[in-house]
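I opened the notebook for a quick tour of this model. Here is what I looked up, entry by entry.

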Amino acid sequence: MKWIVCIKQVPNTSDIRIDRQTNNLLREGVPAIMNPYDLHALETALDLQEKFGGRVVAISMGPPSAEECLRDALAMGADEGILLSDPAFRGSDTLATSYTLAAAIRQLQPFALVICGKQAVDGDTAQVGPELAEWLGIPQLTSVDRVILEGNEIRAWREQEGGHLEVHASLPALVTVTKNINEPRLPTIKGRMAANRAHVTVWTKNDIMVYQERVGLAGSPTQVRKVFYPDHSRRGQIRQGGPQDLSDWLVSILTQQGMS
């Protein structure tokens, strides 16, 4: 039985900078961390392993530096780390990323559950998990903060406005988890030392048998047209008068700005 956890290395969000010419994030010199939501996904897998046994496999797609993120997962208790790294994967959007991850995960079958963080803090799309489930042809239970396994079925509680929705699915399945599901454990010194010595498997496009036209920029139908810092300046005005006078004045301002 395998519990597969998808993790991503992201820049520390407090230090994000943007190249205005290329519209890409400037990652050079910016500290990299494991996506915070993925820490909770990993903890979920470790909890399930303690209850039901099996192996926890952490998988990530990124540059060679993403190996450090996988070593963090190994230090927490994951049994295996796999890095998908190839120049052909550069520029992947969520569709190309999920396609590549799915091709790798198929080689790890059989598995009971694929666990992802709800979203990555650098893109905030929350698309990779659901798209990955579609590529794999398995049920998806998204934005959950509690899971229970009973035989060959998973029960999960999905966050909804004002409460929760209980959902069921047959295994194998995919879940995306929120930060409310658990409190991630801290790696021990022994775990950290073992992770530093551990082997991280690196797979390229040739190892996972993908179509060239579906990975990287070639397989990415979405493209960033423009990235910019929002204008936070405020130009307040104060006007006194009766309700009708103030409403007429407000409508005229909105009309001038093309918002009416």
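How many helices and strands are there in the protein chain? I counted 7 helices and 11 strands, where helices (H or I, at least four residues) and strands (E, at least two) are DSSP runs numbered from the N terminus.

Ground rules next. This is a predicted model, in which local features need pLDDT of at least 70, side-chain atom pairs count only at pLDDT 80 or more, and totals for chains, interfaces and linings use all residues. Residues are numbered from 1 along each chain as its sequence is written, and side-chain values use heavy atoms, with hydrogens and water left out.

**Overall picture.** I noted that the C-alpha atoms fill a box of roughly 70 × 45 × 40 Å along the principal axes. Of the 260 residues, 43% count as buried; that label means under 20% relative accessible area, with exposed over 50% and partly exposed in between (1.4 Å probe, protein chains only). I also looked at contacts (heavy atoms within 4.5 Å): among those between residues at least 6 apart in sequence, 70% join residues at least 24 apart.

**Cores.** I then looked for nonpolar cores, meaning sets of buried Ala, Val, Leu, Ile, Met, Phe, Trp, Tyr and Cys residues joined through side-chain atoms within 4.5 Å. The largest has 38 residues, and L113, L141 and I154 have the most contacts inside it. Helix 2 (residues 67-76) gives the most to this core, with 6 residues. A second, separate core of 28 residues includes I59, L84, L174 and W203. Is T97 buried or exposed? T97 counts as buried because its relative accessibility is 17%. T97 is found in helix 3 (residues 94-106). Leaving aside neighbours within four places in sequence, I found T97 in contact with M61, S92 and V128.

**Helix 7.** Helix 7 (residues 243-256) has 14 residues and reaches 20 Å from its first C-alpha to its last. That is close to the 20 Å expected at 1.5 Å a residue, the expected span being 1.5 Å times one less than the number of residues. G258 follows helix 7, and its phi is positive, near 70°.

**Second largest pocket.** Which residues line the second largest pocket? I listed S233, R234, R235, G236, Q237, W249, I253 and Q257. By class, that lining has 2 nonpolar, 4 polar and 2 charged residues.

Key
On a 1 Å grid over the protein atoms alone, a cavity is a set of points where a 1.4 Å probe fits but cannot get out, and a pocket is an open set with protein on both sides within 12 Å along at least five of seven lines; lining residues have an atom within 4 Å of a point. Ala, Val, Leu, Ile, Met, Phe, Trp, Tyr, Cys and Pro count as nonpolar, Asp, Glu, Lys and Arg as charged, and the others, Gly among them, as polar.
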